[in-house]
Amino acid sequence: MNYNVELALKNKTEAYAFGQVAAQANGCAWLKCGNTVILATVVVDETDFVDEDFLPLTVQYIEKSYAAGKFPGGFIKRETKPSDFETLTSRIVDRSLRPLFPKGFANPIQITVMVLSADSEADLQVLALNAASAALYISDIDIFNSVSAVRVGKIDGEIVFNPTRSQLDKSTLDLYLAGSKEDMLMIEMQTLGSDEMEILDMGMIDPMVDPAMSIPAIPVRVSNAMNEDELINVLAAAQEALFEANSAYESAFKPYASAPFELQYVISEINKEMMEYVRINHTEDLKRGISQMAKTERSTALRTIRKTIMGEKPEWNEHELKKAIETVKRSMVRTQILDDKVRADGRALNEVRPIRIETNVLPNAHASALFTRGQTQALVVLTLGGMKDAQMFENLTDSGTQNEGFMVHYNFPGFSVGEPSPIGAPRRRELGHGNLAKRALEGGCVRNGQTIRLVSEILESNGSSSMATVCGGYMALRAGDIEMADPIAGVAMGMVQEGDRHAILTDIMGLEDHDGDLDFKVAGSKEGITAMQMDIKLGGIHLDVLKEALYQAAEARAHIIDIMLSSEDKIELNEGTLPSTDLFHIDPSFIGDIIGQAGKTIREIIERFDVTIDIDKKKGSVKLTGKNRDGLRGARDHIEGIVNGSTPVEKVEYKVGDVVKGKVKKIVDFGAFIELPGGIDGLIHISKLSDGHISRVSDVISEGDELMVEIVEFKGNKIGLGRAK
């Protein structure tokens, strides 16, 4: 491949080839970065156009298994339906490029991005957008603004641009920013939680902490929420990186751009006579219609106005009248916000709608929460399981199969907005909203080895059901007694802007989303942001306006969290159905007593209390997993009783000269550790394994072998062994 352009960008080099493949497309870019190769094509139907007020853009991001030297997984060895990652990446590219198209662009357009070769360290989402933007820029479509993406990580407290996948695994921040030279167009952000060891004062130590630890410490989950000021600084630096990258792209790509062909723009002319008639004769009717908050009620009110006017003016075209009414309605909504600082439902600009929370409304589910904010309602249901319940998946650049132990599944049935539509497979929007809620909650969740699934059923929607999912998700986790690093809430922000004037709106409803200029979802704690998603309808947003929106969102989150904490105090657990995990520490010297001779004691505990038990003999940590909390509590009480002496146990006592059968647990250079009946370990030195000289222990025994050994000595708590004659 003869590469036309090679660009050195932040922490990577991209090479582009134009005009050498896919010549029938309107635009094509072949991108190589490291060992990753991506093909992006743009095709537009030059003869057809849609007579609707929306951009007919379709984006498909497709990964080919051969790109990583793999066969497609499953029974059918051919790529079939897109994975969640492919769907979410398609959505990211779509949302980033959509603001580029001018109003009235009505020709159906398809952007296809195919991964042909995949480097395990590549950021495929960044490269996918860059390739798609390059193909669009050099195409014969009249768009000459470059859009690109930058990913930002925070590793050991330092900001890193375009980190590799290995670096991102160590990061506490994952920020994806798409934009042009001047404006940010789309943001996806999450913080990545971590476990930090908290050193305890000696006076704070309790029996829950392993007394054998030389430095008393406990692991503490940290969500790594980012405060607003720090985030703004990171975004400003990222915007500078986008300016540099897009300037380089536009300069390098310009010689290869095709001459644009003439497109037919469909810009509906609004009938001014009809608009004036509506304003003069039906303003009060429109105000009453706007005040109907539900989408179906508002649609009914506007339809009634239209039918009334058609009765008054039967000679008018009803389709034109509908557009005139919509235009007047939109103007009224925006003017009222900008001039009067009052919204259609009477709220102040920074006011959150009334909130109602009920927990564990489903008695046979592990946990549940019904979160209602205004006319948006989410029923979020929690299911807990073990690692075997995790979702198996394999991304193109993964070396093997991965397990997803924290899942958020979001469902948006038609009845939630009064539409008689059937329920089918999840669409891009549903996958995107579920992914946003997952990113908001996962970082602060203490899983303790459990698999967690949250399902959000949207029962009513009038503004940001994804943020209701975040709030309901947190409440469902707490209703299932899952520990969280911080209380997490989400709120959707909006904006209305006319010229130099703008107004930031808190907790937007559907009407304000439809007639506004910004959809900005912010989730996090009182201390900072854990996840964020922003889509711009204006073509860009400046940092000072974004900063104002972030601070207003922080006030709203604090208000919502206070309400959630009040409800959290009233939670009654589903004790009979809630499985649970308990992790605690004991003195390691009692491990043998808990296991018992030949495992007899631990088997009895497992059968009696219906639990599973995992023990770390070195650290003295005990992990219990049970189907109900009563069994879990009973098993823990029994084990702690063995430790403090209140529960009698059958102890195995050895004396010098005893001969027993042991199992080779671990081989070392100087001998082998042998597990004796009762869960006690002894050491047999290499010199005691044979009458003759041996060079390596593995020449005589292997791990897992059983052999007869003799107790030859005691040194404190250590047992010395010899080979039985």
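In the predicted model, the axes of helix α1 (residues 84-97) and helix α8 (residues 428-442) come within 10 Å and cross at roughly 95°. Angles of 65 to 115 degrees count as roughly perpendicular, and α1 and α8 are therefore roughly perpendicular to each other. On the α1 side, the contact is made by Asp84, Thr87, Leu88, Ser90 and Arg91; α8 contributes Arg428, Arg429, Leu431, Gly432, His433 and Asn435. By residue class, the contact of α1 with α8 comprises 2 nonpolar, 5 polar and 4 charged residues.

The end C-alpha atoms of α8 are 21 Å apart, which agrees with the 21 Å that its 15 residues should span at 1.5 Å a residue. The buried residues of α8 are Glu430, Gly432, His433, Gly434, Leu436, Ala437, Lys438, Arg439, Ala440 and Leu441.

The largest nonpolar core holds 105 residues, of which Ile187, Phe520 and Leu546 touch the most other members. Beyond its neighbours within four places in sequence, Phe520 is in contact with Val491, Ala492, Met493, Met532, Gln533, Met534, Leu546, Ala549 and Leu550. A second, separate core consists of 56 residues, among them Phe18, Val93, Leu129 and Ala132.

Most residues other than glycine have a negative phi. Asp156, although not a glycine, has a positive phi of about 55°. Asp156 is located in the loop between β7 (148-155) and β8 (158-161), and its relative accessibility of 75% means that Asp156 counts as exposed. A positive phi of about 55° is also found at Asp610, in the loop between α13 (600-609) and β25 (611-616). Asp610 counts as partly exposed because its relative accessibility is 44%.

Methods. Residues numbered from 1 in each chain as written. Predicted model: local features only at pLDDT ≥ 70, side-chain atom pairs only at ≥ 80, totals over all residues. Heavy atoms only, no water. Axes fitted to C-alpha atoms, helices over the stretch in contact; angles between N-to-C directions. Helix = DSSP H or I, 4+ residues; strand = E, 2+ residues; numbered from the N terminus. Parallel < 35°, antiparallel > 145°, perpendicular 65-115°, else oblique. Contact = heavy atoms within 4.5 Å. Nonpolar A, V, L, I, M, F, W, Y, C, P; charged D, E, K, R; others polar. Core = buried A, V, L, I, M, F, W, Y, C linked by side-chain atoms within 4.5 Å. Buried < 20%, exposed > 50% of the residue type's maximum accessible area, 1.4 Å probe, protein only. Expected span 1.5 Å × (residues − 1).
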